[in-house]
Amino acid sequence: MRDFDTICAIATPIGEGGIAIIRVSGENALEIVSKVFRAKSGTDIKNMKSYTMKYGHIYDGDDLIDEVIISYMKGPRSFTAEDVVEINCHGGVVSTNKVLESIIKAGARIAEPGEFTKRAFLNGRIDLSQAEAISDLISAKNDYASQLALRGIQGNISHFIEDLKEDLIQII
């Protein structure tokens, strides 16, 4: 795993909706979220097990911002191969932005476009063809394009190239 700072971003389309997801990724993801999240159970989330969820609230100091559910995925078994916390909050521009602002105040920085995928690539979680396929899936306009992109994400192109490479080595 490479040494990066902790990043955050809204992972769902911005606008009115029932739920929005804010993703936090990096070595200090759990520590940063623990500064603004209070579990309903009163337990400290720094001891959370990977692939579990907690219900609670996000605060900015003493001000309640939102009622949320957080999920935790410990690296390297996450999309970025880093520690990742996802905050499921209520959708809507104002509430989602307030949750995001609290995460930034706690020590994360806004991710650049595509930075989560870039980190997955740099950390060896995906290869370049898979990273490109993620972009293709996001921009797919029909079922066929979506299915092709999914095959790329699963590594079909990478496997094809690897098989070709092995064949060429055998020929040489």
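1. Helices α4 and α5. In this predicted model, helix α4 covers residues 128–139 and helix α5 covers residues 143–153. Their axes come within 8 Å and cross at roughly 155°. Because angles over 145 degrees count as roughly antiparallel, α4 is roughly antiparallel to α5. The crossing in which α4 passes α5 is left-handed.

2. Residues in that contact. On the α4 side the contact involves Gln130, Ala133, Ile134, Asp136 and Leu137. On the α5 side they meet Ser146, Ala149, Leu150, Gly152 and Ile153. By class, the residues of the contact of α4 with α5 are six nonpolar, three polar and one charged.

3. Aromatic rings. How many aromatic pairs does a search of the whole structure find? The number is zero.

4. Overall layout. The protein contains six helices and seven strands. Read from the N terminus, the order of elements is β-β-α-β-β-β-β-α-β-α-α-α-α. The C-alpha trace spans about 70 × 35 × 25 Å along the principal axes of the protein.

Definitions and conventions
Residues are numbered from 1 along each chain as its sequence is written. This is a predicted model: local features need pLDDT of at least 70, side-chain atom pairs count only at pLDDT 80 or more; totals for chains, interfaces and linings use all residues. Side-chain values use heavy atoms; hydrogens and water are left out. Axes are lines fitted to C-alpha atoms, for helices over the stretch in contact, and angles run from 0 to 180 degrees between N-to-C directions. Helices (H or I, at least four residues) and strands (E, at least two) are DSSP runs, numbered from the N terminus. Angles under 35 degrees count as roughly parallel, over 145 as roughly antiparallel, 65 to 115 as roughly perpendicular and the rest as oblique. A crossing is left-handed if the near helix is turned anticlockwise from the far one by less than a right angle, and right-handed if clockwise. Contact means heavy atoms within 4.5 Å. Ala, Val, Leu, Ile, Met, Phe, Trp, Tyr, Cys and Pro count as nonpolar, Asp, Glu, Lys and Arg as charged, and the others, Gly among them, as polar. Rings of Phe, Tyr and Trp (its six-membered ring) pair if their centres lie within 6.5 Å; planes under 30 degrees apart count as stacked, over 60 as edge-to-face and the rest as tilted.
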